[in-house]
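Trainee: Could you walk me through reading a few features of a structure? I'd like the general idea, then the case at hand.

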Amino acid sequence: MITLNTYLVISGIVFVLGLVTIINKKNAIGILMGVELILNSVNLNFVAFGRYVDFDIKGQIIAIFVIILAAAEAAVALAIVLNIYRNKQLIDVTKIDAMKN
Amino acid sequence: MVETAIIITLLPLLAFVIQIFFGKRLPRQGDWVSIGAILISLILSFKLFFNMIGSYDPHFLVQESFRWITLGEFNIDLGFALDSVSIIMLVVVTIVSSLVHIYSVGYMNGDPMYSRFFAYLSLFSFSMLGLVIWDNLFGIYMMWELVGLCSYLLIGFWFEKDSASDAGKKAFIVNRIGDLGFLIGILIVFSQIGSFSLSEISQSIANGTMSEGWLTAAGILLFCGAIGKSAQFPLHVWLPDAMEGPTPVSALIHAATMVAAGVYLVARISFMLTFDSMLVIAYVGGFTALFAATIAITQNDIKRVLAYSTISQLGYMIMALGVGAYAAGFFHLVTHAMFKAGLFLGSGSVIHAMHHAQHKLNIHDEDPNDIRYMGGFKEKMPKTYWTFLIFTLALSGIPFFSGFLSKDLILGGSLAFAMAHDNPIHYLLPFFGFTAAAITAFYMFRLVIRTFYGEPKRKDIHEHIHESPNTITIPLMILAALSIFIFFTLPGLNPFSASSSWYDYLVQNPVSSVSTYMGYNINPISDHTAHSAHVTAMILSIFLATFGIILSFSIYFWKKFDVEKLTERMGILYKLSYNKYYFDEIYQATFVNGLLLWNRMLDWFDSAIIDGLVNLSAWITRNFSFLSGKFDNSVIDGIVNEIANMTQDSGKHLRKIQTGQIQTYIYAALLGAVVIIIVKII
């Protein structure tokens, strides 16, 4: 029997994976992937809560919004990362500190 | 009529303005501007005079006033008035002034400040004429100060000489003392009555606005102005020194007109004199008459003799006003103006001649005024001699000359006063008068004999003495003619009495407002007393004058007595008189040095105490500021700096948290979230 908890546990696992990826990865692309993971875990939550708690379509609509947002975010972020790489030949976020001080 | 009088006054002012600004650039340095102005004034004054004679009314009075200040309900009116006294004064001033102007053309010829001299003469004429036509104390005071200024300017005219500039300052400062009294007197009258106008003051005094004490105080204080201006004892010291000025100035200002302004003032305010103030005035005048005459005996400077004579004659006039012989005093002012101006101009003629003679002989260290270098000028300067003799006879009070008429009236008045009041002490006044009359005759003939008679003391100078030019001698002759009795007795022809003259009719004693207020006549002199006093005075004064003249001749001309021995026998008296009773020295020792000492004390007080206090407060402020600065620097700034340092330090440490690594932040946020969750769960 697949219950809400199942979804929430999976979503939590995905969230933690994303969080760990963000914290540990030095690679900008990796961090972006972590962000995608977190967004998707949130999406899973929205849809699950929409199905089990609200009995309505709102959760799914927000999930679609989040997907669109994630796509836009990924496009912009990848463009930035690509440009940084083109200028500095690196994608290690700890080394990108031109705006420090 | 008032307009004419104002034009008479303003013409010399116009001349002054033209002279002072353009005088040097005009042809003849513009002397004709001043002379023209004063001559037109003279003609207009004569017109007024004959108008007055034509109406022949002793109560003749024209007044005009205008509003000067309006402050809400409070108004001050100023005005002009013409009565017989002021018109006669206008004529006297313009006659003497015109003649002096003409005389100055010859006398001041070649002086580097020729045009300025005429400018000052014009300014003086303006102020003196203005003084005469105002009918209020304020206007009189204003003009009074202006004539004082002119006197100062003209005494110190040759200011490059120290003695002249000192004399100018002395005259000004001594006059200030009297003028202060005058000003206080005016303020008393104004505060009590609220008007400057003499006619209004007269009315309100008659209505009893002022108490007798205030009236006496005001009268004496106003008289103080006259003491200064008319050089009465004890402020007489400036007039002899004023002789440092050019001789025409001495004639115009210090003999005929300005010094008579004091007499004029007392005459103007005589309606408000109480018996006490009249006594003060009479005694000051009488004493001055005798006192100055005794000094004149021993002076050797021809102008100084005349100066002391002027003081003495002014004393006569003042005494006459004091004893209530108002018309007599003013009469003497008029006659004296003519012959004393003449005497000064005559002495100027002699000095002029002496100066030229000394100049030719290259003598520069001798005083041309000194009668010890003169003698025997009679033949050399006949015109000057004869006119001088006429003036001397007039001054000595010899019948057939104007001086006799007026002096006789004064002596008669003082005698009548003594007879009318029981107090025997008042016989001092006629005593002063008669003694001074004898002395006057004596010293005047001493002067004439020393100057014109006898052997010349200095042959070399005598040879170079010449008669002065016409511009000098013609004014002398005119003045000599005006010293003849006939002008003052018309239409009567009695040389011994002016009782039927135009003057006697037109100038009458003013009604005393004080008598009206008190309800009885404060100075009653019956016609009988006046008449008997007059006859006695006439006989006695002729006798005394003759005695003085004979004494003078026997000492100085016939040499019956040895002058040297006489002076030796007189000893201390001679010394006192020769040194003017040491008044200058006494004033120097007491007032001048006292003032200087006082000034030094004040200076010490200033520099020690006041400066000390100022310095102390400055020191305190400085030290307090120093401390306050220290407090600011250490405590206030310390706190501020500490706060800043703390902020900086904490920033320095805290910035380490701000790594810029988002991952670190997320760690922190995660940790925070975990902590919150744990706390929540617990």
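**Helix packing, burial and a hairpin**

Mentor: Helices α14(B) and α16(B) are roughly antiparallel to each other, a label that applies because their angle is over 145 degrees. Keep in mind that this is a predicted model: local features need pLDDT of at least 70, side-chain atom pairs count only at pLDDT 80 or more, and totals for chains, interfaces and linings use all residues. Residues are numbered from 1 along each chain as its sequence is written, with chains lettered from A and ligands numbered from 1 in the order in which they are written.

Trainee: At what angle do α14(B) and α16(B) pack, and how far apart are their axes?

Mentor: Two packed helices are described by the angle between their axes and the distance between the axes. Here α14 (residues 326-360) and α16 (residues 402-420) of chain B pack at about 150°, with axes 9 Å apart.

Trainee: Is helix α10(B) enclosed or open, and why?

Mentor: A residue is buried if 20 or more other C-beta atoms, placed from the backbone, lie within 10 Å of its own. In α10 (residues 247-256) of chain B, 10 of the 10 residues are buried, so the helix is largely enclosed by the rest of the structure. Val249(B) and His254(B) are among them.

Trainee: In which sense do β1(B) and β2(B) pair?

Mentor: Strands pair if DSSP finds at least two bridges between them. β1 (residues 61-71) and β2 (residues 74-83) of chain B pair in the antiparallel sense over 10 bridges. Gln63(B) stands opposite Ala81(B) in β2(B), and in the hairpin Gly72(B) takes a positive phi near 60°.

How values were computed. Axes fitted to C-alpha atoms, helices over the stretch in contact; angles between N-to-C directions. Helix = DSSP H or I, 4+ residues; strand = E, 2+ residues; numbered from the N terminus. Parallel < 35°, antiparallel > 145°, perpendicular 65-115°, else oblique. Buried ≥ 20, exposed ≤ 12 C-beta atoms within 10 Å, placed from the backbone.
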